[in-house]
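Please keep the sequence and the structure in view while reading.

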Amino acid sequence: MSAQPQPSGTDPSGSDYEDLLGQWSDLESALSALLARPRQARDFVAKVRQCDRWLQDLVAHDIDAALYLMFQLAATSTVGYSASHALVCGTLCHILAQELQLPPQERDSLVRAAFTMNVGMTALQDALAVQREPLTAEQQQVVASHPRLGLDMLEDLQVTNDLWLEIVATHHAPSSDAAVPLASLPVRERLTRILSTIDRYAALISPRKSRAGRSATDSVRAIVGQDSDARDEASLMLVRTVGLCPPGTFVRLDNGETAVVLRRSERANFPLVASVLDAKGEPLASPALYHTVRGQPRIQSALARSAVTVELHNRTMVRLGLYAAQRTQTLSR
């Protein structure tokens, strides 16, 4: 794995971790209000930058906790699909930008484009997430034209960053040859490919009324593809960075238990997990921690959120994961 978990020295029972979930929820709410009523924002560009700085601070605190809370929040969000999707995409773009060591100006344009790429159809995107019927002709027209609508709206809102605007305008344009390395592409094409990859991944894992979300593993396979010669570097980097089963997603273990992934480990796709349901599907009195990198039990399959009915106490899970990671570090010294 290219991004190693770096738990801070914060006491896992301390107030910093106790408040993380609240901070993520507040960020999602702020982004929701901004995207739902962009023209009512006193200074739209400044508000987007503020959300971006907020995101950076939360991820810097602990990447694994950030991934856990982001994926859990996306599955249970109450603010609407559009804002939840924007937050997932912005967070993953930020994390991938770090992995790819993008220059600050590229990283800023990418994340802010991720936040605002669907601003031209926020209300429709929320409506479609709960609509079971096929899209009407009018809805199809709005969906097809939303990159251009978003560009026009952002220009009206005084966005002057050309790269930000170009990424929004082209985030659904046909991509270049997937075999071409990202570093060989012009800046706009490189960032658009990264955002397009993350956009598709986030859309696949998110549940809607018309369909259940896919598991994280199925979503990765759908965007990476089976042809090794045509695999997109952005997709592979996403897998290497967050894992086939990222923190915050659910898995079935080969002992029959259902677990939630808490943290990545030093080996890709062998995360720290906490069982929450026994082999009969009954809730466990307390979570059972397993370091899958050590052997048994192993992950048998990823699960979509819709397949798991248990309600988690996410603050407890975050602290549990951090405690286990810190204990592992201490024992390995």
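Among the contacts in the protein with a separation of 6 or more, 68% are made by residues 24 or more positions apart. The model is a predicted one. The protein holds 13 helices and 5 strands, and 51% of its 333 residues are buried.

| Strand pair | Bridges | Opposite residues |
|---|---|---|
| β1 and β2 | 3 bridges | Arg252 and Thr258 |
| β3 and β4 | 5 bridges | Val273 and Tyr290 |

Strands β1 and β2 form a hairpin with 4 residues between them. In its turn, Gly256 has a positive phi of about 95°. In a regular strand, the side chains alternate between the two faces of the sheet.

**The nonpolar cores**

The largest nonpolar core has 77 residues, and Trp24, Leu92, Ile194 and Val260 touch the most other members. Leaving aside neighbours within four places in sequence, Leu92 is in contact with Leu67, Met70, Ile198, Tyr201, Leu238 and Val242. Another core, of 7 residues, lies apart from the largest one. Among the members of this other core are Leu253, Ala259, Val273 and Ala302.

**Helix α7**

Which residues of helix α7 are buried? In this helix, residues 122–129, they are Thr122, Leu124, Gln125, Leu128 and Ala129. These residues are on the same side of α7, because they cover an arc of only 165° around the axis. An α-helix has 3.6 residues a turn, so residues three or four places apart point the same way.

**A buried aspartate**

Asp199 is found in helix α10, residues 187–205. Is Asp199 buried or exposed? Its relative accessible area is 8%, under the cut-off of 20%, so Asp199 is buried. Not counting residues up to four places away in sequence, Asp199 touches His85, Cys89, Met117, His171 and His172. One of these, His171, is 28 residues from Asp199 in sequence. In space, Asp199 and His171 are 8.8 Å apart, C-alpha to C-alpha.

**Cysteines**

The structure holds 0 disulfides. Cys51 is buried, with a relative accessible area of 5%. Cys245 is also buried, with a relative accessible area of 12%.

Most residues other than glycine have a negative phi, and most peptide bonds are trans. A few places in this model depart from that pattern.

Gln101 is not a glycine, yet its phi is positive, at about 55°. This residue lies in the loop between α5 and α6 (104–116). Gln101 is exposed, with a relative accessible area of 68%.

Gln158 is another residue other than glycine with a positive phi, near 75°. Its place is in the loop between α8 and α9 (162–170). Gln158 counts as exposed, at 58% relative accessibility.

Where is Pro297 placed? It is in the loop between β4 (283–291) and β5 (299–303). The peptide bond from Gln296 to Pro297 is cis, with omega near -10°.

Key: Residues numbered from 1 in each chain as written. Predicted model: local features only at pLDDT ≥ 70, side-chain atom pairs only at ≥ 80, totals over all residues. Heavy atoms only, no water. Buried < 20%, exposed > 50% of the residue type's maximum accessible area, 1.4 Å probe, protein only. Helix = DSSP H or I, 4+ residues; strand = E, 2+ residues; numbered from the N terminus. Arc of directions from axis to C-beta. Disulfide = S-S within 2.5 Å. Core = buried A, V, L, I, M, F, W, Y, C linked by side-chain atoms within 4.5 Å. Contact = heavy atoms within 4.5 Å. Pairing = 2+ DSSP bridges.
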